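These are my notebook entries on a structure I went through element by element. I recorded strand pairing, helix packing and a few individual residues.

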Amino acid sequence: MNSETTSPAIPPGANETLPIERVDLRREFNEVGIGEVLDQLDRELIGLKPVKMRIREIASLLLIERIRKRMNLTSEVPTLHMSFTGNPGTGKTTVALRIASILHKLGFVRRGQLVSVTRDELVGQYIGHTAPKTKEILKKAMGGVLFIDEAYYLHRPDNERDYGQEAIEILLQVMESQREDLVVILAGYGDRMDKFFASNPGFRSRIAHHIDFPDYSDHELLEIAEIMLRDLNYKFSAAAREAFVRYIVLRKKQPLFSNARSIRNALDRIRLRQANRLVSDLDRVLVADEVMSLEASDVLASRVFSNQF
Amino acid sequence: MRITQGCFSFLPDLTDEQISRQVQYCLGKGWAVNIEFTDDPHPRNSFWEMWGLPMFDLRDAAGVLMELNECRKVYGDRYIRMSAFDSSHGWESQRLSFIVNRPKDEPGFRLERQEVDGRNIRYTTRSYAVDRPEGSRYGGK
């Protein structure tokens, strides 16, 4: 940032008249402030290697595109529509928020807001209701990112008169004709998104980036749990952490496991049990450390442990 | 005769880019932009028809331009104007209005002098365009 104050990379107005020949890549990188966002992504999101990789690639492309534009090397606006697929609780929405700010920093969306919608907000209830509704959302998302969660609900194959199809057509049209005005991100569970794309080939071909969110490993889930606890000002005792490692292994084998979301729910229940344990003995003085720490017994009281016998 | 109503009407017609900059200014102020059209150009005609609802909660002018282009497709032979509504306390009224589309030729107004009692005269302006019924003015279908 301080390089900006010493001397501007190009004198103002010069980029209109003659294209620049050379660019200091590091300065450009720092000026955009993209490194900071990517580092934050690395720091705050555990795991998700392929996702981070892809975001880095996209960010690099956009940085180079920016420089190419200043060098007057003509090129089309890259297609930035994306689809996020992955199991529940793998961080799709969280990443979408970051994408909006990355694209904004690079100047590829003008405002950088994220408009998050589901079927309800796009599809109307009677004839003639859908188009204005969808357009209204699109207008609000202009200059930013439109995030459609569980996008496969837009298409209802069992009902051919479903209004979802109308919303899909309007979306496709705007995605194609106003590529520089907004970025659309579709998200949903892998298998159902595949079916959705199979029945709407137009969508598949208009989306350049298909990013698959992998499930977290046991170790990553533990890290996520510890970050969540730190944010809530709690901590595991050594025995509790060891118990929680076992909890994760057992919980993953059970049905309806949804990654980070299950972890968050488990932590909420552990906090309940901790509170109950503290309240059960009223005749004592609590210190801050006791209120903060979760003990092994809080973890081990979980239903997950009782089922294995 | 070129009619001059609202902002910028003594300037050459705004280009789409200029329109979008003006709209962005309105959005930046938190005003809701509305598109209206009419084929009755009389300056006292305050009943312009609305193209959809006023657009609240927009962040970027591209959305408004999208609607404007839709409106031009249907009513490109009429006057279209943008108005910006300020909902903040104390204002609660229109803050800005400007014409963004006008018919190819504007036939102008006839001045009628009605001679009344004594030597008095009452003046009326009447647009030549409104001699024809609504919808078929300005070479419409």
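**Entry 1. The sheet of chain B.** I looked up the pairing of strand S1 (residues 32–38) of chain B with strand S3 (residues 79–86) of chain B and found seven bridges, with the two strands running antiparallel. The coordinates come from a predicted model, and I read every entry below with that in mind.

**Entry 2. Chain B as a whole.** The C-alpha trace of chain B spans about 60 × 40 × 25 Å along its principal axes. Of its 141 residues, 26% count as buried. Among contacts in chain B with a separation of 6 or more, I found that 54% come from residues 24 or more positions apart.

**Entry 3. Positive phi in chain B.** Phe8(B) has phi near 60° and sits in the segment before helix H1 (16–28) of chain B. I recorded Phe8(B) as partly exposed, because 17 other C-beta atoms lie within 10 Å. Asp57(B), also not a glycine, has a positive phi of about 60°. Its place is the loop between S2 and H2 of chain B. Asp57(B) has 12 C-beta neighbours inside 10 Å and therefore counts as exposed.

**Entry 4. The contact between the chains.** Which residue counts describe the contact of the two chains? I found nine residues from chain B and 12 residues from chain A. On the side of chain B that touches chain A, the residues divide into four nonpolar, two polar and three charged.

**Entry 5. Parallel strands in chain A.** I turned to strand S3 (residues 145–149) of chain A. Four of its five residues are buried, so the rest of the structure largely encloses this strand. S3(A) pairs in the parallel sense with strand S2 (residues 114–117) of chain A over four bridges, and I noted Ser116(A) opposite Phe147(A) in S3(A). S3(A) also pairs in the parallel sense with strand S4 (residues 183–188) of chain A, over five bridges. There, Leu146(A) has Val184(A) as its bridge partner in S4(A).

**Entry 6. Helices H4 and H6 of chain A.** I checked how helix H4 (residues 34–44) of chain A meets helix H6 (residues 92–105) of chain A: their axes come within 9 Å and cross at roughly 165°. An angle over 145 degrees counts as roughly antiparallel, so H4(A) and H6(A) are roughly antiparallel to each other. The crossing is left-handed. H4(A) contributes Ile34(A), Val37(A) and Leu41(A) to the contact, and H6(A) contributes Arg98(A), Ser101(A), Ile102(A) and Lys105(A). By class I recorded four nonpolar, one polar and two charged residues.

**Entry 7. Helices H8 and H9 of chain A.** I repeated the check for helix H8 (residues 130–141) and helix H9 (residues 164–177) of chain A, whose axes come within 9 Å and cross at roughly 40°. H8(A) and H9(A) are therefore oblique to each other, and the crossing is right-handed. From H8(A) the contact takes Thr130(A), Ala131(A), Thr134(A), Lys135(A) and Leu138(A). From H9(A) it takes Glu166(A), Ala167(A), Ile170(A), Leu171(A) and Val174(A). These residues divide into six nonpolar, two polar and two charged.

**Entry 8. Glu21 of chain A.** Is Glu21(A) buried or exposed? I found 6 C-beta neighbours inside 10 Å, so Glu21(A) counts as exposed. It lies in the loop between helix H2 (14–17) and helix H3 (25–32) of chain A. Its C-alpha atom is separated by 38 Å from that of Asp212(A), 191 residues apart along the chain.

Key:
Residues are numbered from 1 along each chain as its sequence is written. Chains are lettered from A and ligands numbered from 1 in the order in which they are written. This is a predicted model: local features need pLDDT of at least 70, side-chain atom pairs count only at pLDDT 80 or more; totals for chains, interfaces and linings use all residues. Two strands pair if DSSP finds at least two bridges between them. Axes are lines fitted to C-alpha atoms, for helices over the stretch in contact, and angles run from 0 to 180 degrees between N-to-C directions. Angles under 35 degrees count as roughly parallel, over 145 as roughly antiparallel, 65 to 115 as roughly perpendicular and the rest as oblique. A crossing is left-handed if the near helix is turned anticlockwise from the far one by less than a right angle, and right-handed if clockwise. Two residues are in contact if their C-beta atoms, placed from the backbone, lie within 7 Å. Ala, Val, Leu, Ile, Met, Phe, Trp, Tyr, Cys and Pro count as nonpolar, Asp, Glu, Lys and Arg as charged, and the others, Gly among them, as polar. A residue is buried if 20 or more other C-beta atoms lie within 10 Å of its own, exposed if 12 or fewer, and partly exposed in between; C-beta atoms are placed from the backbone.
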